[in-house]
Amino acid sequence: MKILTLCGAGIGTSGILKVNAERVLQRLGIEARVVAIDASMLESELDDAQVILTGPEFVDTIGKTFADVIVIENYFDTAELQRKLELALG
Amino acid sequence: MDQETDLPALPDEAVVLAARARDWRDAVELAGRALAASGATDAGYATDMVRMIEKHGPYVVVAPGLALAHARPGSAVRRDGLAIVTLAEPVPFGHPYNDPVRVVLALAGASSARHLQLVAEIANIFNDSDAVERIAEAETPDAVRAILGVAA
């Protein structure tokens, strides 16, 4: 499975989401590749992505997609991340 | 959980405590000035950080009370750098969940790969902890350094 984390530059807040998502996925025993990207990389990376983790500002940028878009409020709250990932991955 | 990390040093010049900022822009510029004062970046990096927020919105407010100001690596970045500004009066950034901001952490990475490593280190500090609160109330640069686990 592929999960994208999206932010403005692809190296800041998406990096936080990436490390914390990897931590949560390990906890849940789920194998996935997590890729931190900026909006310019969205089109090329979106095809085979199942989940996109991002902040509320980027939802409109993502637009229509088959991937589950998960909006994170507190990037450092791994409990929030785990809850939302579990819900999306069912 | 005060521990040594791989983060760059945080000299006194890079710490501004109980600062007064008119608005979010002012707060980010203060942090940018602190980064430049430490020698990590040129003065222009502050403008780059402000532009990121103008362009993409207040997404840098990653947790309640904490803004992680940053811009892309580029000619304004001399080396990895970190700056901390705490605000005497919290300032709204326009974030739907995490306003108002009490602590601005400004980050510069010499490369994209390095920047990603640094945010991972920062995540380790702020995950599941009251670090923002403790930094907001720190009274000396030493206290901030102890919370972040960095050298002067």
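Predicted model: local features only at pLDDT ≥ 70, side-chain atom pairs only at ≥ 80, totals over all residues.
Residues are numbered from 1 along each chain as its sequence is written, and chains are lettered from A and ligands numbered from 1 in the order in which they are written.

**Exercise 1.** Describe how helix α1 of chain A packs on helix α4 of chain A.

*Solution.* Take the geometry to begin with: α1(A) (residues 13-28) and α4(A) (residues 78-89) pack at about 60 degrees, their axes lying 10 Å apart. That angle makes α1(A) oblique to α4(A), since angles under 35 degrees count as roughly parallel, over 145 as roughly antiparallel, 65 to 115 as roughly perpendicular and the rest as oblique. Next, list the contact residues (C-beta atoms, placed from the backbone, within 7 Å): α1(A) contributes, among them, N20(A), R23(A) and V24(A), and α4(A) contributes residues including L81(A) and L85(A).

**Exercise 2.** Work out which elements of chain B supply the side that touches chain A.

*Solution.* Start from the totals, in which 25 residues of chain B are in contact with 20 residues of chain A. Then assign the chain B side: α2 (44-56), β2 (61-63), β3 (66-70) and α3 (112-126) each supply at least two residues, and α3(B) gives the largest share, with 7 residues. Finally, consult the predictor's scores for the complex, an ipTM of 0.88 and a pTM of 0.93.

Technical notes: Axes fitted to C-alpha atoms, helices over the stretch in contact; angles between N-to-C directions. Helix = DSSP H or I, 4+ residues; strand = E, 2+ residues; numbered from the N terminus. Contact = placed C-beta atoms within 7 Å.
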